[in-house]
Amino acid sequence: QVQLVESGGGLVQAGGSLTLSCAASGSLFSINNMGWYRQAPGKQRELVATITSGGSTNYADSVKGRFTISRDNAKNTVYLQMNSLKPEDTGVYSCNAKVIARWFREYDYWGQGTQVTVSS
């Protein structure tokens with residue numbers, strides 16, 4: 001079994017910064033894409049950023065230039081550095097990992113989510 005454990009959420013004023021971390025542990029061989037998603041109250045979950053095992057990144061237009069996704073493959077950890085935060089960035093942030101595990105198949109795992117609240 002594989003677990004994703006997130007940390008780093010909290011309350012911050014507009015214009016501030018937060019860094020989220022998500023560490024994968026358990027019986028896995030490797031991790032392909034990792035990503036961060038968020039869900040605001042009353043809204044659908046949306047993609048924030050993704051990163052491949054080789055380091056290629058993709059961002060939602062709303063966070064380009066403000067957020068940076070990175071990963072440490074040796075630690076099976078993905079990070080999300082969030083700068084210039086806006087109230088509309090408020091939501092539950094969840095990490096996702098495409099994990100190569102038993103039978104060398106790819107499995108989709110999600111973290112439990114961490115709350116980010118940006119006050120105006």
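## Reading a predicted all-strand chain

Of the contacts in the protein chain with a separation of 6 or more, 54% are between residues 24 or more positions apart; contact means heavy atoms within 4.5 Å.

Me: What should I know about the model and its numbering?
Reply: This is a predicted model, in which local features need pLDDT of at least 70 and side-chain atom pairs count only at pLDDT 80 or more, while totals for chains, interfaces and linings use all residues. Residues are numbered from 1 along each chain as its sequence is written, and side-chain values use heavy atoms, with hydrogens and water left out.

Me: How many helices and strands are there in the protein chain?
Reply: Helices (H or I, at least four residues) and strands (E, at least two) are DSSP runs, numbered from the N terminus. Here the protein chain has zero helices and eleven strands.

Me: Why does the radius of gyration of the protein chain agree with a compact globule?
Reply: The radius of gyration is taken over C-alpha atoms, and the globule rule is 2.2 Å times the number of residues to the power 0.38. For 120 residues a compact globule would come near 14 Å, and the protein chain has 14 Å, so the two agree. Along the principal axes, the C-alpha atoms fill a box of roughly 50 × 25 × 25 Å.

Me: Which residues does a disulfide join?
Reply: A disulfide is a covalent bond between the sulfur atoms of two cysteines. The cut-off used is a pair of cysteine sulfur atoms within 2.5 Å. A search of the whole structure finds one. The disulfide joins Cys22 to Cys95, with S to S 1.9 Å. It links distant parts of the chain, since Cys22 is in strand 3 (residues 18-26) and Cys95 in strand 9, 73 residues apart.

Me: Is Ser94 buried or exposed?
Reply: Buried means under 20% relative accessible area, exposed over 50%, and partly exposed in between (1.4 Å probe, protein chains only). Ser94 counts as buried because its relative accessibility is 10%. Ser94 is found in strand 9 (residues 91-100). Beyond its neighbours within four places in sequence, Ser94 is in contact with residues including Glu6, Trp36 and Trp110. Cys22 and Cys95 are both buried too.

Me: What share of the protein chain do buried residues make up?
Reply: Buried residues make up 42% of the 120 residues in the protein chain.
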